[in-house]
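Thanks for coming, everyone. I'd like to walk you through some aromatic rings and the core around them. Here is the structure.

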Amino acid sequence: MIPRIFTTVTAFVLILTMLVGCRTQGNDAFTVTPEQAKQIALEDAGLTAEQVTWLRTEPDREDGRVVYDVSFRHGDTEYEYLIDAVTGAITEADRDKDGLF
């Protein structure tokens, strides 16, 4: 009876360890909030939330990392940022003016 309980408990612990390991592997722990990601992008652009339109923030994956995709418009310029959800670093920034290629 005791070997069977030991085997069951050991199997449970191994499965739990694997599940927890899968969840934390790959930097899925968000330390930056969506609001902080917006603020990082806006500060880089030199703008405030009141100055922009179409402000959106969505979680995404880029090269295996969790990022926030932050997009907004100011006048005739569209801004797009990728903000690392763990470090808050800007990993990509793009600005496109309407009518220019």
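F72 and Y81 are both buried. Keep in mind that this is a predicted model. For F72, the relative accessibility is 0%. Buried means under 20%, so F72 counts as buried.

Now the rings. A pair of aromatic rings is described by the distance of the centres and the angle of the planes. How many aromatic pairs are there? The count comes to two. Take F72 and Y79: they lie 5.0 Å centre to centre, with 15 degrees between the planes, and this pair is stacked. Next, F72 and Y81. Their ring centres are 6.1 Å apart and their planes sit at 15 degrees, so F72 and Y81 are stacked. The cut-off here is under 30 degrees for stacked.

What about Y79, buried or exposed? Y79 has a relative accessible area of 9%, so Y79 is buried. Put together, F72, Y79 and Y81 make up one aromatic cluster.

On to the core. The largest nonpolar core has 15 residues. Which of them touch the most other members? Those are L47, Y68, V70, F72 and Y81. So where does this core draw its residues from? Helix 2 (34-45) supplies at least two, and strand 2 (65-74) and strand 3 (77-84) each do as well.

Last, Y68. Leaving out residues up to four places away in sequence, Y68 touches a list that includes F30, V32, T33, P34 and A37. Also among its contacts are T57, E58 and P59. Then come Y81, L82, I83 and A85. That's my part; over to you.

Methods
Residues numbered from 1 in each chain as written. Predicted model: local features only at pLDDT ≥ 70, side-chain atom pairs only at ≥ 80, totals over all residues. Heavy atoms only, no water. Phe/Tyr/Trp six-rings, centres within 6.5 Å; stacked < 30°, edge-to-face > 60°. Buried < 20%, exposed > 50% of the residue type's maximum accessible area, 1.4 Å probe, protein only. Core = buried A, V, L, I, M, F, W, Y, C linked by side-chain atoms within 4.5 Å. Helix = DSSP H or I, 4+ residues; strand = E, 2+ residues; numbered from the N terminus. Contact = heavy atoms within 4.5 Å.
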